[in-house]
Amino acid sequence: MKKFFVVLPALAAALMVISGCQRESGGASAGGDVSRGMDRRIVMGYSQIGAESEWRTACTNSVKAAAEEWNIELIFSDAQQKQENQMQAIRSFIRQKVDIIGFTPVVETGWDAILQEIKDAGIPVICVDRQVTLAAGKNQEDYITAFIGSNMQAEATKAAQWIVNYMKTTGNTKKKDDGSTDINVAILEGTTGSGAQVGRTEGWNAEIAKYPNYKTIFRQTGNFTRAEGQQVMEAWMKSPQANDIDVLLAQNDDMAIGAIDAINAAGKKPGTDIIIVSIDAVKGAFDAMLRKELNATIECNPLLGPQVMDTAVKILNNQPVTWWVESEESQFDWTNAEAAYPSRQY
Ligand code: GZL
């Protein structure tokens, strides 16, 4: 019998390694016996997408720091952008009978079965940052106890409104040599099928449709990474329409920063020859705005950790929670970036 008990912990540890999960905070003795707001120390399993951008890293750091602050034991998994890794990690959380699961779905669809498994296991779920889309007739509120994140459509609407206003006020709507007043737009989209890509595409398309002279001449995913944003922009700068691009919308700052390198390498001036707006408002974007290479960025708040832990405690104490509390977000350009930069937290 003794040997059997010795084997079990080793097996559990092996399963955690295989599923890419690691315990972020030590055992109960490391942080005292209870979590903030609880009568015991709770365990959260958290499945994070990966580390594809400055934004994601800031989000991960915020979740880990808040778990420490709330004295919540965090089993954290980095899925390296793969949905199957997220599934594996979540099943590991279920096997370990965690108190609550937090996860950021890399894409919107394909979660119906695993959300049913979590529901059958009686474990509450907080969806963080990106939303899911379930099969027709299914209501995500029946499977997900709370969503914490931004309004992606609203962010892209702000980006479109900023561009239209900027192009008008700086006279960039003057006639071209061919007599047209078309404004040609290139769009770097985020990870295809992700809530951020779907929402930001919807928001931009709906707003820019009000201005028929805006024409989308390029649209491709850069998967939210600098490297892919640079690669796609390099290809566009080598194409016959390279000189037709008036505006670049990047659905996150990392792709914009990669694109800026490609535009410079092609001998053009980012921020002047091509007006660039992106989304997130990470430090790299402020650096680019101060270099006058990025024109504007729309904030998307990654500092969600405290809200995640506070909501987890409320759920486990059977207190009412608002299903979605939208993040308060601002926007920055050459008129306010320098003043705002010193107080930026990510
Ligand atoms: C948005 C988030 C996006 C960021 C990117 O809430 O999901 O994913 O905009 C990140 O930087 O990769």
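User: What is the relative accessible area of Lys292?

Analyst: The labels go by relative accessible area: buried is under 20%, exposed is over 50%, and partly exposed is in between (1.4 Å probe, protein chains only). Lys292 counts as partly exposed, because its relative accessible area is 43%.

User: What kind of model is this?

Analyst: Residues are numbered from 1 along each chain as its sequence is written, and side-chain values use heavy atoms, with hydrogens and water left out. Local features need pLDDT of at least 70, side-chain atom pairs count only at pLDDT 80 or more, totals for chains, interfaces and linings use all residues, and the model itself is predicted.

User: Where does Lys292 sit, and what is its phi?

Analyst: Helices (H or I, at least four residues) and strands (E, at least two) are DSSP runs, numbered from the N terminus. Lys292 is in the loop between helix H10 (283-290) and strand E11 (296-299). Most residues other than glycine have a negative phi. Lys292 isn't a glycine, yet its phi is positive, near 60 degrees.

User: Is Asp280 buried or exposed, and what is its phi?

Analyst: Asp280 is part of strand E10 (residues 275-280). With 3% relative accessibility, Asp280 is buried. Asp280 isn't a glycine either, and its phi is a positive value near 135 degrees.

User: How far apart are the C-alpha centres of domain 1 and domain 2?

Analyst: Domain bounds come from an automatic or database domain assignment. That assignment gives domain 1 as 2-148 + 302-327 and domain 2 as 152-300. Where they are in contact (heavy atoms within 4.5 Å), eleven residues come from domain 1 and 20 residues from domain 2. The distance between their C-alpha centres is 34 Å.

User: Which residue forms a salt bridge with Glu54?

Analyst: A salt bridge puts a side-chain nitrogen of Lys or Arg within 4 Å of a carboxyl oxygen of Asp or Glu. By this rule the structure has 18 salt bridges, and the count between domain 1 and domain 2 is one. With the closest N and O atoms 2.5 Å apart, the partner of Glu54 is Arg226.

User: Which strands does the salt bridge of Arg219 and Glu189 tie together?

Analyst: The closest N and O atoms of Arg219 and Glu189 are 2.7 Å apart. Arg219 is partly exposed at 37% relative accessibility, while Glu189 is buried at 9%. The two residues are 30 apart in sequence, so their bridge joins strand E8 (residues 214-221) to strand E7 (residues 183-189).

User: Which helix holds both Lys314 and Asp310?

Analyst: These two form a salt bridge, with the closest N and O atoms 2.6 Å apart. An α-helix has 3.6 residues a turn, so residues three or four places apart point the same way. Lys314 and Asp310 are four residues apart, about one turn, in helix H11 (residues 305-316).

User: What do the buried residues of H5 pack against?

Analyst: Helix H5 covers residues 112-120, and its buried residues include Asp112, Ile114, Leu115 and Ile118. The buried residues of H5 pack against helix H4 (83-95), strand E4 (100-103) and strand E5 (125-128).
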